[in-house]
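User: I have a model open and want to go through its local geometry. Can you take me through it?

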Amino acid sequence: MSRSDFRQAQRVVVKIGSSLLTDGGRGLNVKAIAEWVAQMAMLRQRSVDVVLVSSGSVAEGMSRLKLKTRPKTLHELQAAASVGQMGLVRRFENEFQQHELLAAQVLLTHDDLSDRQRYLNARSTLLTLLDYGVVPVINENDAVATEEIRFGDNDTLGALVANLVEADLLIILTDQTGLYDANPSLNPNAQLITEISVDDGLLDEVAGGSISGLGRGGMYTKVRAARLAARSGA
């Protein structure tokens with residue numbers, strides 16, 4: 001599949017990162033969320049299935065708890081996620097309702113996708129929601145996940161969900177323009193890569209880590225997720 005084929009996709013997974021959702025950590029970016037939901041509603045009007053993988057629960061929790069830096073300990077992260085998840089889900093539900101669409105919250109851990117029975121149960125639930133025309137809003141279950149069972153980042157979770165629902169297309173939204181052949185903040189001659197094979201070795205050379213510090217991902221995890229999704233048929 002090339003970029004020109006994207007319009008043919010009938011099932012799409014959209015992953016939105018923490019720094020976008022929370023306006024760089026200053027609380028939920030309500031305007032941006034409304035715009036994304038409106039675009040997803042347009043896809044639904046074209047009978048395209050949409051699954052949303054949403055980061056942002058920890059960052060929103062940090063904002064609500066007035067924390068200046070991301071917590072370091074697991075129980076603090078889980079507490080922030082629990083607080084933030086309330087606002088995140090309510091915001092998405094309200095915005096989808098504006099377009100007469102139902103949304104459903106689905107929280108997953110690595111165990112849910114590594115155990116065959118739980119994998120099949122999660123798959124059946126998501127496919128049933130899509131059959132009903134509902135937009136699943138998926139996040140890692142940060143409130144109960146331990147270091148041993150964390151996905152590590154929601155880019156990876158997005159790729160696994162794309163595999164789970166047999167999506168045609170995985171779209172990862174980020175606060176960066178895209179992937180460059182060099183660090184654009186250090187090299188003014190860096191060129192944007194608009195299309196590249198997942199098997200191209202250049203990807204390993206140019207993908208870096210998270211810049212914002214709000215999420216656990218970065219360009220490296222996005223490249224890894226792209227490879228995982230592509231090799232699953234997306």
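User: Fine. What are the ground rules?
Analyst: This is a predicted model, so local features need pLDDT of at least 70 and side-chain atom pairs count only at pLDDT 80 or more, while totals for chains, interfaces and linings use all residues. Residues are numbered from 1 along each chain as its sequence is written, and side-chain values use heavy atoms, with hydrogens and water left out.

User: What does the protein chain average in pLDDT?
Analyst: The average is 86, and 89% of the residues score at least 70. pLDDT is the predictor's confidence in each residue, from 0 to 100.

User: Where does pLDDT stay under 50?
Analyst: Over residues 210–216. The model has 22 contacts beyond four places in sequence for that stretch, a contact being heavy atoms within 4.5 Å.

User: Helix 4 next. How many residues does it have?
Analyst: Helix 4 has 24 residues, and its first and last C-alpha atoms are 34 Å apart, close to the 34 Å expected at 1.5 Å a residue. The expected span is 1.5 Å times one less than the number of residues. Helices (H or I, at least four residues) and strands (E, at least two) are DSSP runs, numbered from the N terminus.

User: Where is the kink in helix 4 centred?
Analyst: On G84, at about 30 degrees. The bend at a residue is the angle between axes fitted to the seven residues ending there and the seven starting there.

User: Is G84 buried or exposed?
Analyst: G84 is buried, and the other buried residues of helix 4 include L77, F92 and E95. Buried means under 20% relative accessible area, exposed over 50%, and partly exposed in between (1.4 Å probe, protein chains only). Cover for the buried residues of helix 4 includes helix 2 (30–45) and strand 3 (103–108).

User: E95 is a glutamate. What does E95 touch?
Analyst: Leaving out residues up to four places away in sequence, E95 touches V30, I33, A34 and V37. The relative accessible area of E95 is 10%.

User: Which residue forms a salt bridge with E95?
Analyst: R91, with the closest N and O atoms 3.0 Å apart. A salt bridge is a side-chain nitrogen of Lys or Arg within 4 Å of a carboxyl oxygen of Asp or Glu. E95 and R91 are separated by about one helical turn because they are four residues apart in helix 4. R91 is partly exposed, at 24%.

User: How many salt bridges does a search of the whole structure find?
Analyst: Nine. One of them pairs R123 with E166, with the closest N and O atoms 3.5 Å apart. That pair links distant parts of the chain, 43 residues apart: R123 is in helix 6 (residues 116–131), and E166 is in the loop between helix 7 and strand 5. R123 is partly exposed at 22%, whereas E166 is exposed at 54%.

User: What about phi at E166?
Analyst: The phi of E166 is positive, about 55 degrees, although E166 is not a glycine. K66 is another non-glycine with a positive phi, about 60 degrees. K66 sits in the loop between helix 3 and helix 4 and is exposed at 68%.

User: Last one, helix 9. What do its buried residues pack against?
Analyst: Strand 1 (11–16), helix 7 (154–164), strand 5 (169–173) and helix 8 (202–206). After helix 9 comes G233, with a positive phi near 105 degrees.
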